[in-house]
Amino acid sequence: MLKVRCILGSFAKSAFSARFWRVQLQNRMSTSPHPVAAVCQLTATPDKQVNFSVCKELIERAKQGGASMVFLPEGFDYIGSSREETLALSESLAGETVSLYAQTARNLGVWLSLGGFHERGHNWETEQRIYNSHVIIDDKGEIVSVYRKSHLFDVELPEKGILLKESSFTIPGPSLMCPVQTPIGKVGLGICYDLRFPALSLALQRSGAEILTYPSAFTVATGAAHWEVLLRARAIETQCFVLAAAQVGRHHDKRSSYGHALAVDPWGEVMADCGGEVADVVLVEIDLEKASRTRRNMPVQQHQRDTSFYHCLEGSWKCPEDKKD
């Protein structure tokens with residue numbers, strides 16, 4: 001695997017942090033015979049302007065390294081410190097934030113996966129609730145797909161200090177979206193907690209996905225326990241590439257994220273890991289022949305039985321009617 005790794009650090013300057021880059025060039029990805037994807041991680045705060053500056057720099061560095069599609073994490077726009085702040089900072093898809101990213105995509109000629117945008121709901125004026133939306137923008141700056149997160153993170157783990165109830169302000173998405181044809185292949189869209197539901201990834205794979213993406217903001221506790229193993233499991237069972245941009249570090253006094261944005265190949269091997277400390281971007285080649293070869297050599301999907309088989313257990317007095325997928 002050819003890889004360019006760019007690490008974003010920071011130092012104090014007046015009231016804000018000035019950012020600088022240390023670039024390690026192991027090989028030049030622009031010479032790769034395969035399309036290149038960039039998987040990013042960052043530490044979003046409630047400051048949307050600063051977040052955009054960091055993301056824009058990550059995107060520019062990825063483009064310089066030869067990436068044709070750049071993946072940003074859930075909450076790339078901001079991570080609020082309260083329910084009230086999260087709602088107040090939200091926008092529609094026609095708002096300034098998406099417009100800035102569309103302009104960036106158009107200017108650089110690169111596709112963007114905006115992994116979790118705080119989109120105001122259709123009945124915003126009366127309900128004051130939002131969607132957690134995964135927005136795909138093409139290299140012309142056009143929105144080509146929007147997936148709204150369908151599994152909401154309502155979890156209480158007192159022993160881990162975790163209490164989050166996403167459904168208190170977020171509307172669950174109504175449906176999955178068909179995989180999107182992009183320069184790196186057909187991309188199936190998920191977001192963060194969706195990672196824990198294998199039926200979603202298998203549905204996307206059956207619909208033609210070659211790459212699955214799970215932009216996330218995993219907590220430190222759940223990330224350390226489950227993040228890598230879940231991503232590798234989704235890759236192995238679907239025989240897809242899995243790209244998972246991530247939030248990392250301390251966003252504000254109330255929240256921190258695990259980091260370790262990953263790229264995993266269809267055999268389940270980790271291709272790249274951004275680590276758990278700083279904003280970062282890794283570039284990976286997407287060799288779709290590897291996915292095809294994996295599926296030929298181990299045709300798991302062909303070996304699957306009809307759906308009804310998995311609902312009919314030995315000794316049950318009645319089985320459901322035979323229904324094919």
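Predicted model: local features only at pLDDT ≥ 70, side-chain atom pairs only at ≥ 80, totals over all residues.
Me: Where is Q239 found?
Reply: Q239 is found in the loop between α6 (220–238) and β13 (241–244); helices (H or I, at least four residues) and strands (E, at least two) are DSSP runs, numbered from the N terminus. Residues are numbered from 1 along each chain as its sequence is written.

Me: Is Q239 buried or exposed?
Reply: Q239 is buried, with a relative accessible area of 3%. Buried means under 20% relative accessible area, exposed over 50%, and partly exposed in between, with a 1.4 Å probe and protein chains only.

Me: What is Q239 in contact with, beyond its neighbours within four places in sequence?
Reply: With those neighbours left aside, Q239 is in contact with P266, A291, T294, R295, M298 and V300, where contact means heavy atoms within 4.5 Å. A polar atom of the Q239 side chain lies 2.8 Å from the backbone oxygen of M298.

Me: Changing topic: where is D77?
Reply: D77 is in the loop between β4 (69–72) and α2, and D77 is buried, with a relative accessible area of 3%.

Me: Which residues does D77 touch, not counting those up to four places away in sequence?
Reply: D77 touches K48, N51, T97, G116, F117 and H118 on that count. The side chains of D77 and H118 are joined by a polar contact of 3.0 Å. A polar contact is a pair of N or O atoms within 3.5 Å; within protein, one must be able to donate a hydrogen and the other to accept it, and residues adjacent in sequence count only if both atoms are side-chain atoms.

Me: And how many aromatic pairs are there in the whole structure?
Reply: A search of the whole structure finds seven aromatic pairs. Rings of Phe, Tyr and Trp (its six-membered ring) pair if their centres lie within 6.5 Å; planes under 30 degrees apart count as stacked, over 60 as edge-to-face and the rest as tilted. F76 and Y101 form an edge-to-face pair, 5.1 Å centre to centre with 90° between the planes.

Me: Are F76 and Y101 buried or exposed?
Reply: Both F76 and Y101 are buried. Ring pairs also link F52, F76, Y101 and F117 into a cluster.

Notes: Heavy atoms only, no water.
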